[in-house]
Amino acid sequence: MENTNETKDMILANDMLKDKNYYCSVDVKDAKNQQMLYNALEGCDELISKEIGKEIKLKDIYMEQYVKERDGHETVAIRTILFDADGKSHVSTAFGIANSVQRLIRVFGDPSTWTEPKNVKFIERDLKDGKKSFVLKLV
């Protein structure tokens with residue numbers, strides 16, 4: 001495997017999912033939350049790549065690993081779904097977003113323990129190799 005920024009990001013993000021292939025902070029004991037999660041898994045409300053510069057009140061997180069084919073090779077990718085305080089879902093497969101989420105959880109704990117949603121902004125940052133990455137910024 002090449003030692004690129006994307007590869008490093010993938011290793012960091014996969015660390016959070018090492019014991020199972022998904023992470024979910026949504027309280028699925030509640031029927032309304034079950035419906036919200038299921039509907040997001042079938043199709044999210046917004047693509048984070050189309051929301052750069054937008055701020056949301058982050059309430060819950062769902063992440064899952066999946067296998068995608070790229071240049072004839074199968075690679076593991078991570079789909080991250082962020083739920084805002086209004087229940088709207090925002091999705092990305094960018095490893096930068098997955099890593100931002102992992103860092104948020106390491107610093108602030110599981111979202112189920114937060115006393116209030118975190119205000120985050122979707123931003124794009126330049127990488128050393130000339131590519132771009134999407135990340136979260138606390139605001």
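Strands β6 and β7 (residues 132-138) pair up antiparallel, with seven bridges between them. Keep in mind that this is a predicted model.

**The strands**
- β6 and β7 make a hairpin, with five residues between the two strands.
- G130 sits in the turn of that hairpin and has a positive phi of about 90°.
- Across the pair, F122 faces L136 in β7.
- β6 (residues 118-126) also runs antiparallel to strand β3 (residues 55-70), joined to it by four bridges.
- For K57, the bridge partner in β6 is N119.

**The nonpolar cores**
- The largest nonpolar core has 20 residues, and the ones touching the most other members are L58, I61, M63, L82, V101 and L136.
- Two or more residues of this core come from each of β3, β4 (73-84), α3, β6 and β7.
- Helix α3 gives the largest share, six residues.
- A separate core of eight residues lies apart from that one, with M36, Y62, F83 and V91 among its members.
- As a general point, nonpolar side chains in soluble globular proteins tend to be buried together.

- F108 belongs to helix α3, which covers residues 95-108.
- F108 counts as partly exposed because its relative accessibility is 35%, and that category lies between buried (under 20%) and exposed (over 50%).

Technical notes: Residues are numbered from 1 along each chain as its sequence is written. This is a predicted model: local features need pLDDT of at least 70, side-chain atom pairs count only at pLDDT 80 or more; totals for chains, interfaces and linings use all residues. Side-chain values use heavy atoms; hydrogens and water are left out. Buried means under 20% relative accessible area, exposed over 50%, partly exposed in between (1.4 Å probe, protein chains only). Two strands pair if DSSP finds at least two bridges between them. A nonpolar core is a set of buried Ala, Val, Leu, Ile, Met, Phe, Trp, Tyr and Cys residues joined through side-chain atoms within 4.5 Å.
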